[in-house]
Amino acid sequence: MKPTTAHLELPFFDEVHRTLAQRLADWTVLQQVDETDDRQACKEWVRRLGAHGWLRYCVPAGPDGAWGGALDRLDSRALVVLRETLAFHSPLADFAFAMQGLGSGAITLAGTPAQQAAYLPQVASGAKIAAFALSEADAGSDAGAMTTHAMAGAGGWTINGSKTWISNGGLADFYVTFAKTDRTAGTRGITAFIVDADNGGLDSSAHIAVMSPHPLATLAFTDCRLDGRAQLGTLNGGFKLAMQTLDIFRASVAGAALGMARRALAEAVQHARTRKMFGQTLADFQLTQAKIGEMAALVDAAALLTYRAAWLRDEGERLGRNVRVTAEAAMAKMTATENAQRVIDMALQLHGGLGVKVGTKVESLYRDIRALRIYEGATEIQQLIIGKAVLQS
């Protein structure tokens with residue numbers, strides 16, 4: 001099953017985005033990856049996505065193309081259409097793609113030339129798996145409450161503490177890690193570091209099992225020593241860097257939700273057209289038609305907000321303006337994930353008993369979508385971001 005492409009004709013997109021989505025849709029239908037073991041499957045998806053050039057959209061091209069990116073800059077619309085297309089086919093493929101971008105995004109934004117040269121080409125080729133380590137057990141939405149700390153010493157830093165709910169935990173080759181360098185300053189005392197997976201003092205073996213299998217883990221830092229070159233960005237500028245990174249990729253989370261919602265709608269339409277009931281098809285019933293209509297409207301409403309957020313950021317970049325799209329990205333992420341949950345729930349309901357049978361697409365989508373309403377800022381956090389922006393306008 002392939003996604004429809006009518007939405008790509010909207011004026012938010014250029015021809016490069018339309019071509020990109022069509023090429024990826026053609027490629028994904030040929031990919032069959034055994035996802036029974038989520039960690040092995042994630043590695044395989046990274047390998048395939050890297051080998052076929054798709055991960056090149058997670059990083060910019062860099063000076064004279066040295067970073068290996070496909071485009072001159074990170075393109076939010078490209079990220080959205082890629083994630084939407086991948087999520088339609090396989091949410092785990094989308095996850096593998098997304099984490100390469102999120103895990104390396106801070107290096108793109110604030111890395112030294114040496115850091116960018118060392119990591120970004122490896123991310124673009126799939127040779128290195130990236131991860132973003134911000135959350136802690138008592139510091140998820142409230143990043144200022146983190147307790148992981150880095151102490152300056154002779155020639156470098158020593159990190160102690162823990163991170164949890166870390167995507168690609170135990171799988172990644174490096175972790176962009178955020179730690180307190182001034183414990184009294186809240187979010188103003190956080191600095192980012194690049195921690196290689198084989199660094200002494202880092203233990204990523206505590207894997208976390210979740211309802212829709214994805215590689216997650218808790219990271220434990222015990223006297224984890226880094227040299228001074230591991231610092232990423234400015235001292236105590238880590239929180240701002242984290243938020244800038246999330247601004248870029250938050251709209252792409254909405255893209256992933258759209259992909260799942262479109263797949264659920266397609267599965268519901270196909271089932272309604274073929275399921276026989278009382279001498280006619282399920283699609284012949286007005287109640288079914290009403291549900292399908294509501295699902296389609298929910299998808300399109302989310303799509304417009306998602307594409308707007310991505311377009312606004314790309315336009316700001318193109319014009320050389322430092323445009324923050326925090327509120328617009330929050331609207332997109334909130335609406336797309338919440339609407340996708342509703343669409344998938346209605347699709348499952350239309351399938352009746354088949355909808356809860358393990359192994360059916362709508363059943364797996366029902367589990368896959370739930371986390372998107374939480375990670376990279378729960379819905380309630382998006383509401384706060386939007387509300388504050390409106391009050392300050």
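Tutor: We take a pair of helices, then a pocket.

Tutor: This is a predicted model, in which local features need pLDDT of at least 70 and side-chain atom pairs count only at pLDDT 80 or more, while totals for chains, interfaces and linings use all residues. Residues are numbered from 1 along each chain as its sequence is written, and side-chain values use heavy atoms, with hydrogens and water left out.

Student: How is the packing of two helices described?

Tutor: By the angle between their axes and the distance between the axes. Axes are lines fitted to C-alpha atoms, for helices over the stretch in contact, and angles run from 0 to 180 degrees between N-to-C directions. Here α8 (residues 326–351) and α9 (residues 361–372) pack at about 160°, with axes 9 Å apart. Helices are DSSP runs (H or I, at least four residues), numbered from the N terminus.

Student: Which way do α8 and α9 run relative to each other?

Tutor: They are therefore roughly antiparallel, a term for angles over 145 degrees.

Student: Which residues make the contact?

Tutor: Contact means heavy atoms within 4.5 Å. Among those of α8 are Lys 333, Ile 344 and His 351, and α9 contributes residues including Val 362, Tyr 366 and Arg 370.

Student: How much space lies in the second largest pocket?

Tutor: About 520 Å³. A volume is the space filled by probe spheres set on grid points, joined across faces, edges and corners. A pocket is an open set of points on a 1 Å grid over the protein atoms alone, where a 1.4 Å probe fits, with protein on both sides within 12 Å along at least five of seven lines; lining residues have an atom within 4 Å of a point. The lining has 21 residues, and Lys 361 is one of the closest to the centre. α9 gives the most to this lining, with four residues.

Conventions: Helix = DSSP H or I, 4+ residues; strand = E, 2+ residues; numbered from the N terminus. Parallel < 35°, antiparallel > 145°, perpendicular 65-115°, else oblique.
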